Amino acid sequence: MAIYLRSALILSISIGIFWPFHAASAADSAQPATKDLAIAMPHNMPGLLGASTPLDEGKQLFPAAWYQAVLDAYADTVVGDALQRENRFADWKLVTLRVAPCEPIGVIASRDIDRLCWPELRLVWQPVLKNFVRFGRQIEAFADDRAIHVGYPLAPELGLSPTAAAQARRLLAKAESARAKAKPPLEVLTQEELALLDQLRRPLVKQLLSATLALRSPNSDPGTYQTMGLRPEAFDGKVAQADFLKRLRGFLSLYARPNNMETLTSFSLVEGRDPPQLDEWVFIAFSGSESGIQQQRIPLHSARDGRAIGPAPLSQHSTMSTDDESFDASSFSSSDWLEIQSLVLLDPSRPENMQPLITDRQKVLIRNTSCASCHKLNSQRFDFHSFSFLEDQELSVSPRVVRDVELDLQWIKKNL
């Protein structure tokens, strides 16, 4: 796979775009479908890629140093050393991944998020225990109630000339600096810069989608990729499973290199493996750099003007009936508190009323609500998983994920 993507390059004289040249294939002419953008494998599937899986260049897919940073961050919360007690580093498996062709990089959903965006790959890790005995019953694959999500914006250098890649990085840095200053990036980037960002982004998205389609098994019916759920390769026998995982490892060797990681978020139940009774989850967040990852505070941005409002804690605590304790009326102005009440799922009796709002990025971005609000949308109130597994149950898919994929597919048809 890596060889295919690093094949001969053709220089475009317009803006200096390098484009991978390869022979036409059935995957190239196909259109992306739901299971291309939302890739999920059964957590009992043999050979799942693990945290220590080596990439083509020899580095770990999930560096041990990242995991240690996660352990250290949880140590200062009510989760304590639960991960060390209940899981090993080797337990963590890649269970799902999302290919986002136009991930919003702004802070206000009402602005032009279809232009102010960048392609991103998001990986979801979970500790999966094999042949785990619980209440006297042996479970083939038991997914603990915790997860780690890692985001990799597409590196411009993967498909652009050095000059064009430098232009893309300058524009992305400008948008990022605006967000850091609590200003909407559209107030910083000019219309000409937005047009250039679109011009630079387009070939990269096409390259990413072409590589994503190439993950399909040639023996799978294209129709089986249309609906949300597990990849069809998982049910085509051991050879098809092994071939898919081999293709996936090559894909990740290019698009999920550790030095391209930008964000890492995690949530965990406290020790005990009994979600309904324990009823307490903790969320933490990190940013990535060349030197590793650093824990970050978790801000909430106004959906009206993009500024950060209220305290930004290092961790957020949540139960089925409450959100983080930092969401207290006394910590906010009256107008900000009214906005929080409309965007954060504080009242457990209101999920049905708020779900259409929280699940739609055209109305509310992730940065405009709380971590817990985005994870409280499943039919089981104690299932905080958005696109992963809870214990030995089937794949959990949040309405937010379903809507995001719908919007991604619409964006592809409209823009490519």
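**A first look around**

Analyst: The chain has a mean pLDDT of 88, with 90% of its residues at 70 or more; pLDDT is the predictor's confidence in each residue, from 0 to 100. This is a predicted model, so local features need pLDDT of at least 70 and side-chain atom pairs count only at pLDDT 80 or more, while totals for chains, interfaces and linings use all residues. Residues are numbered from 1 along each chain as its sequence is written, and side-chain values use heavy atoms, with hydrogens and water left out.

User: Where is the pLDDT below 50?
Analyst: Over residues 1–29. Beyond near neighbours in sequence, that stretch has 60 contacts in the model, a contact being heavy atoms within 4.5 Å. Where pLDDT is low, the predicted coordinates should not be read in detail.

User: OK, how many disulfides does the structure hold?
Analyst: It holds 1 disulfide, meaning a pair of cysteine sulfur atoms within 2.5 Å. C102 is joined to C117, with 1.9 Å from S to S. The link of C102 and C117 is left-handed, at -95 degrees about the S-S bond.

User: Which parts does that pair tie together?
Analyst: C102 is in strand β4 (residues 92–104) and C117 is in strand β5 (residues 117–134), so the pair ties together parts 15 residues apart in sequence. Strands here are DSSP runs (E, at least two residues) and helices are too (H or I, at least four), numbered from the N terminus.

User: Are C102 and C117 buried or exposed?
Analyst: Both C102 and C117 are buried. Buried means under 20% relative accessible area, exposed means over 50%, and partly exposed is in between (1.4 Å probe, protein chains only).

User: What's in the turn between β5 and β6?
Analyst: They form a hairpin with 2 residues between them, and F135 in the turn has a positive phi of about 55 degrees.

User: How many residues of β5 are buried?
Analyst: 14 of its 18 residues are buried, so β5 is largely enclosed by the rest of the structure.

User: New topic: how many aromatic pairs are there?
Analyst: There are 11 aromatic pairs. Rings of Phe, Tyr and Trp (its six-membered ring) pair if their centres lie within 6.5 Å; planes under 30 degrees apart count as stacked, over 60 as edge-to-face and the rest as tilted. One of the pairs is W281 with F384, stacked at 4.0 Å centre to centre and 10 degrees between the planes.

User: Where do W281 and F384 lie?
Analyst: W281 is in strand β9 (residues 281–289) and F384 is in the loop between α12 (371–375) and β12 (387–388), so the pair ties together parts 103 residues apart in sequence. Both W281 and F384 are buried. Ring pairs also link F267, W281, F283 and F384 into a cluster.

Technical notes. Two strands pair if DSSP finds at least two bridges between them.
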